[in-house]
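Colleague: Before I use a model like this one, I would like to learn how its backbone features should be read. Could you take me through them?

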Amino acid sequence: MLRTGLARSAALVAPQRASTLAAGSRLKHTLPKLPYEYNALEPHISAQIMELHHSKHHNTYVTNLNNAEETLNNALAKNDVKGTIASQSAIKFNGGGHVNHSLFWLNLAPPKDGGGELPNGQLKAAIEKQYGDLEALKKKMNAQALAIQGSGWAWLGYDPSTSTLDIITTKDQDPLLSHVPLIGIDMWEHGFYLQHLNNKAAYLEEIWKVINWNTAEERLKQAK
Ligand SMILES: [Fe+2]
């Protein structure tokens, strides 16, 4: 049975949850550590943005997800159906924010560690087969990312049912459920405004220089 993109995404954040498990208590989500320093992606993404994005924005999703799950659990314990339903949107929004950002940090890497470089392998072959080359993929993904109305995410995903790559956008913090996410690009203003103001195209041009294609290649291999 195929696992959904969310199940795979959840697996990526599972270690952080497991670390706070205490006997008889509910699993708490925690903010994952970055595998690089806040300034490691400069000049492409500033240290100020990285620190705020990770320690404030992502952390808020984690806190609010834990609070929403507690609200849900209390409602379930009281057999409060209306309370159970009322908790759903906060879980979707903050849970999506936690899952999406946990994926995002790992699909970035400093150029000195290979950021921006697409290695030879299954993913490169698939990109060339479907899009011609990496530049063509970037152009197509940029166009879809720039067309997002409001805040959201642009994804390069893998569809196990068709064995193809697809470019998908999701709104707000909706996670990618239809595909296995290989690369996610955060199109929320909090990810670029301090550096590029409203110039989303400039942000996209820079972020491609720190995309961790090795992570994407590993995600593709695991998806097959
Ligand atoms: Fe974000």
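**Reading the backbone of a predicted model**

Modeller: Asp172 lies in the loop between strand 2 (164-171) and strand 3 (180-186), where strands are DSSP runs of E with at least two residues and helices are runs of H or I with at least four, numbered from the N terminus. This is a predicted model, in which local features need pLDDT of at least 70, side-chain atom pairs count only at pLDDT 80 or more, and totals for chains, interfaces and linings use all residues. Residues are numbered from 1 along each chain as its sequence is written.

Colleague: What is the phi of Asp172?

Modeller: Most residues other than glycine have a negative phi, and most peptide bonds are trans. Asp172, however, has a positive phi near 50°, and Asn79, in the loop between helix 2 and helix 3 (81-86), likewise has a positive phi, of about 55°.

Colleague: Is Asn79 buried or exposed?

Modeller: A residue is buried if 20 or more other C-beta atoms, placed from the backbone, lie within 10 Å of its own, exposed if 12 or fewer, and partly exposed in between. Asn79 is exposed because it has 8 such neighbours, whereas Asp172 is partly exposed because it has 15.

Colleague: Which residues does a cis peptide bond join?

Modeller: The bond joins Glu42 and Pro43, with omega about 5°, and Pro43 is in the loop between helix 1 (5-18) and helix 2 (47-77).

Colleague: Over which residues does pLDDT stay under 50?

Modeller: Where pLDDT, the predictor's confidence in each residue from 0 to 100, is low, the predicted coordinates should not be read in detail. It stays under 50 over residues 1-19, while the chain averages 91.

Conventions. Contact = placed C-beta atoms within 7 Å.
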